[in-house]
Amino acid sequence: MIRCRSMLRSELDTVLDWAAAEGWNPGLDDADAFWAADPEGFFVAEEDGTPVAAISVVRHDEDYAFLGLYICRPSHRGQGAGLSLWQHAMAHAGKRIVGLDGVPAQQDNYARSGFRPEGKTVRHVGSLAPLSAGDIRRASDRDIPVLVALEAKASGRLKPAYMRAWFAGAHGRQTFVQYVDDMPTGAVTIRRCREGAKIGPLIAPDRTSAMALLGAAAAYTPGPLSIDVPGGAEGFGEMLRREGFEPSFETARMYAGGTVAPGIAPPVLFAVTSLELG
C-alpha cells in the first residue's frame, strides 16, 4: 500500500542522495537552503514505511510555486507511486502558477498535466581561469536584501525565503557581488557539488560583467563548472562555448496556470539558481 505524506527534514538528505545516483550532481550544501524555501513543500510516497518516491512543490510566494526533485526509485517505477505522489503534492500549490524544468523524456508527461513550455535552459560544462576584479567581492549579510531583490528583477519572480537562505552562504556555497559606484549591479553564486561546482544564479547588467563575475567565482573551487543558461541569454552561451565550455543537456521551462516572464532590462539572468527549485 502506497501512502503519500510530507517529507521529514532528515529524508531530504536521502532524496538528494537519490538525485546524485540519478546523475543530477546536487550541491553539497543544498538541503538546508532548499528546506528553508518552504518546509511544507517536500513530499514522499512510502510503502511499508519505506520512502519509494519524492517530489517538491515549493511555494515561493502567494502566486508562484516550483516543482522539482521528482524521483521514483527504480524498483517502483511504472507502478503508480510517482503519479499518486504528484497528485498529492500539486495540491500544495493551490491556485498558484507552478513552474518546472523538464528533461525532454518527460515533457510530454508534463504537458498532459497542463504544463506548457515557455523557454529552455541549456547546461554548459567547462573550466575558466580565475579572474580578479576590484569591483567584485564576497557577499556579506548586509548584501542579502539587495541580492534577493536583484534576483527577483532578473528572474521575474520574488523568492524571498529561498534566496535569503541561498545568499547567506554555507561551507560549500559562496556568493560574489559586483559594485559600480557603491551600488550592487550583479552577483554570482557558486556551490560545490559531488563533482565540480555549479553556478547559479548569475545576474549581471551585460555579458562582459557576467564573465567577470564567473571568473571571480572560478577562484572559489577547482574543478569543472556547470552553468544552466536560460533561453534569454543565448549570447552568453556562445561566449561560454568560445571559452571551451560544452553544452551538456537542456531542459524546457514549463508552467501550469500562467507564465512567469524574466526581466527584459538589466539586470539579466545569465544562469538559473537551480533546476530543482527554480
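This is a predicted model: local features need pLDDT of at least 70, side-chain atom pairs count only at pLDDT 80 or more; totals for chains, interfaces and linings use all residues.
Figure 1. Strand β4 gives the largest share of the lining of the largest pocket, six residues. The volume of this pocket is about 910 Å³. A total of 32 residues line the largest pocket, and Trp-24, Tyr-70, Ile-71, Gln-106 and Tyr-110 are the closest to its centre. Besides β4, the elements that give two or more residues to this lining are α3 (81–90), β5 (97–102), α4 (107–112) and β12 (246–256). By class, the lining of the largest pocket comprises 14 nonpolar, 12 polar and six charged residues.

**Figure 2. Lining of the second largest pocket.** The space in the second largest pocket comes to about 470 Å³. Its lining is made up of 27 residues, with Pro-230, Arg-253, Tyr-255, Pro-262 and Leu-269 nearest the centre. Two or more lining residues of the second largest pocket come from each of β4, β6 (116–126), α5 (144–155), β12 and β13 (268–271). The largest share, four residues, is that of β6. In this lining, 12 residues are nonpolar, nine are polar and six are charged.

**Figure 3. The cavity and the residues around it.** One cavity of 30 Å³ or more is found when the whole structure is searched. The volume of the largest cavity is about 50 Å³. Its lining consists of Arg-123, Arg-191, Lys-198, Ile-199, Ser-226, Asp-228, Thr-273, Ser-274, Leu-275 and Glu-276. At least two of the lining residues come from β10 (197–204), and at least two from β11 (225–230).

**Figure 4. Helix α1 and its buried face.** Helix α1 covers residues 9–21, 13 residues in all, and spans 19 Å from its first C-alpha to its last, close to the 18 Å expected at 1.5 Å a residue. Glu-11, Leu-12, Val-15, Leu-16, Trp-18 and Ala-19 of α1 are buried. Seen down the helix axis, the buried residues of α1 fall within an arc of 150°, so they line one face of the helix. Ser-10 and Ala-21, on the other side of α1, are exposed.

**Figure 5. Surroundings of helix α1.** The buried residues of α1 are covered by elements including β1 (2–6), α2 (30–37), β2 (42–47), β3 (50–59) and β4 (64–72). Strand β4 also supplies six residues to the lining of the largest pocket. Following α1 is Gly-23, which has a positive phi, near 90°.

Notes:
Residues are numbered from 1 along each chain as its sequence is written. Side-chain values use heavy atoms; hydrogens and water are left out. On a 1 Å grid over the protein atoms alone, a cavity is a set of points where a 1.4 Å probe fits but cannot get out, and a pocket is an open set with protein on both sides within 12 Å along at least five of seven lines; lining residues have an atom within 4 Å of a point. Grid points are joined across faces, edges and corners, and a volume is the space filled by probe spheres set on the points. The expected span of a helix is 1.5 Å times one less than its number of residues. Buried means under 20% relative accessible area, exposed over 50%, partly exposed in between (1.4 Å probe, protein chains only). The arc is that of the directions from the helix axis to the C-beta atoms. Contact means heavy atoms within 4.5 Å. Ala, Val, Leu, Ile, Met, Phe, Trp, Tyr, Cys and Pro count as nonpolar, Asp, Glu, Lys and Arg as charged, and the others, Gly among them, as polar.
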